[in-house]
Every structure is written in structure tokens, then in C-alpha cells.
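The following exercises concern the packing of a protein chain. Please work through each task with the structure at hand before reading its solution.

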Amino acid sequence: MHLSTHNWMRAEPLETTLKRIKKFGYESIEISGEPEQYKTKETRALLKEHGIRCWGAVTLMLGERNLAAKNQGQRERSVQYVKDVLTMVSELDGEIITLVPATVGKVVPDGTEEEEWKWVVDATRECFTHAKKVGVKIAVEPLNRFETYLFNRGAQALALADAVSPECGVCLDAYHIHMEEFNVYDAIRQVGKRLFDFHVADNNRFAAGLGQIDWPKIVATLKEVGYDGALTNEFVAPVDRTPAAPYPEMVERHPVDISPEQLKFIQDHGSSVLTEKFYTDQMRITAETLLPLIK
């Protein structure tokens, strides 16, 4: 296992992110799934310069992106988006994409269970065909019920992976599984060898170590099933707007270089644009919590 991180949680130059995470012992990055933001030749050079490899990317299913949409054109555009992310990861020598099949924040279905299952299976199979072509693995990620109605537990993600191919896998996220699973350790065991990626944030979605999750037991269970991939940092710190705020200086009051879509995506997760100091501290705390357990 090794320590990785997402970078969609803060809008900043990639070089700034890479300098920070290298200092704390991160080995890779799961890059934001926005292919238009990255010129892969330049990004490869930047990764090499800082000694950080691309582990993969996560699909940012915002706006109209939805593999389970009722509208065929919307599904086709969503499939093309996922293919573009797969191509970007391949060109960055990455290994995996984390696939969230439906729009984040969408909690009302478009059709019957049978209709939606056919739509999402067919769309994911098309994405998987492209993944095989470019040499990148797909891991289906379930989210909690307040972010999506469709895939909330590992068993559900595994059912989609099974319907696509034995070579399609699953990504579990410590934050989400502590909300949705009957037993988080059994959920990891059930996915077993099909676990291709694992995301980390504590039960309050702050950095690992700032909540109630038993990280030694989580890492031990991952080792038990033979997981040898990344622990990918994905804290989305909730903003406290009251006098009870434990971190009153966490919000960047004058954000720059962030698109309205990305800002909305962060705000829809209950967070905001974080100050560099607060963000850096969260990265450090995750590393200090997890690296001793990995090693």
C-alpha cells in the first residue's frame, strides 16, 4: 500500500499540490477528472519533476454527467466524458479510474429499477471496453445515500462490476462505508480481490485521525484481503459558520482560479474553498495517521 491524494478539493496549481504532498510522504496522486484542465505532456513532466506518479483519476459526476440517465444523449455524452478521463489517465501512465456512475447530488431516479440497471450496465460496459483499449482499470465507487440514490454499498458496486466484467473492480471510501455498510470490515472482505482503490477521510470527513474511524483495524483488514493499492486522501472538511467553529480560519475568503462548477461541487459536499494553511494541515494529519500503519 502507499499514500495518495485527490486534488479536486482545492483549486490551486498542480505544482503547488505536488510540492506539498511530496514533503509529507505521498507517493502518487489521483488527479481531478477534468481532462480539459490538463495538458498531459506537461503534466507528465511535472509529475516526474516532483517524483510523484499518477495513480489515476476520479470521475467528477457534476452537472449532466450521468451513466444512468433516462435521456440517451445525456448517457452518450457521459460515456464520452468517462472515456476522456480514461484516455487522460493512460497518457499520464496511471492505473485506474474511480467511476461514480450517477450524478453526485441526484437522489431521485429517472426510471424503474430495471430500466436504470440496463442503462447503467450498458454505459459502463462501453466505458470498460475503452478502458481495456487504453490499459486502465475501472473501479466502481458507491457513495452515501445523500449524494446518490443508486450505489451506496460495496455489494451494489460489486453487482455492477460483475455485470460488466470479472476485470472490473470496486473502490470503497472509508467515509461512505461508515455511513452505509452493516459492517465496514465485512464490506471490505466481500469485495476482496476486486478492491482496486480505497479512499480515506474520517467519519466527519476531516482528515484521517480527526474522527472516530479505527484506522489500524481498517488498514489491517485491507492487508488481510491482500489490498496493495493506494490509500487516497479525500477529506472534504465541513464548514462551521457558527461561533462554535473549531477552525475559524479554514475558509479562503477571496478564492481565485476556481470555476463556478467546481465551486458548486465543493459546496454541495458541505465544504468551501479552504485556506492553504488549513488544507496543508489536513494533508499532514492524514499522512501522520496512515503512513505508520502502512509501513
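**Exercise 1.** How many residues does the largest nonpolar core have, and which residues have the most contacts inside it?

*Solution.* The model is a predicted one. Its largest nonpolar core comprises 97 residues. Those with the most contacts inside this core are Leu67, Ile138, Phe198, Ile218, Leu222, Tyr227 and Leu231. Tyr227 may then be examined in detail. Leaving aside residues up to four places away in sequence, Tyr227 touches Met1, Trp55, Leu195, Phe196, Asp197, Phe198 and Leu222.

**Exercise 2.** Determine how helix 4 and helix 5 pack, and which residues meet.

*Solution.* Begin with the geometry: helix 4 (residues 113-134) and helix 5 (residues 154-164) pack at an angle of about 60°, and their axes lie 9 Å apart. Helix 4 is therefore oblique to helix 5. The crossing of helix 4 past helix 5 is right-handed.

Next, identify the contact. Helix 4 contributes Trp117, Val120, Val121, Thr124, Arg125 and Phe128, which meet Ala159, Leu160, Ala163 and Val164 of helix 5. Finally, classify these residues: 8 are nonpolar, 1 is polar and 1 is charged.

**Exercise 3.** Is Ala220 buried, partly exposed or exposed?

*Solution.* First, locate the residue: Ala220 belongs to helix 8 (residues 215-224). Second, consider its relative accessible area, which is 42%. Buried requires under 20% and exposed over 50%, so Ala220 is partly exposed.

Technical notes
Residues are numbered from 1 along each chain as its sequence is written. This is a predicted model: local features need pLDDT of at least 70, side-chain atom pairs count only at pLDDT 80 or more; totals for chains, interfaces and linings use all residues. Side-chain values use heavy atoms; hydrogens and water are left out. A nonpolar core is a set of buried Ala, Val, Leu, Ile, Met, Phe, Trp, Tyr and Cys residues joined through side-chain atoms within 4.5 Å. Buried means under 20% relative accessible area, exposed over 50%, partly exposed in between (1.4 Å probe, protein chains only). Contact means heavy atoms within 4.5 Å. Axes are lines fitted to C-alpha atoms, for helices over the stretch in contact, and angles run from 0 to 180 degrees between N-to-C directions. Helices (H or I, at least four residues) and strands (E, at least two) are DSSP runs, numbered from the N terminus. Angles under 35 degrees count as roughly parallel, over 145 as roughly antiparallel, 65 to 115 as roughly perpendicular and the rest as oblique. A crossing is left-handed if the near helix is turned anticlockwise from the far one by less than a right angle, and right-handed if clockwise. Ala, Val, Leu, Ile, Met, Phe, Trp, Tyr, Cys and Pro count as nonpolar, Asp, Glu, Lys and Arg as charged, and the others, Gly among them, as polar.
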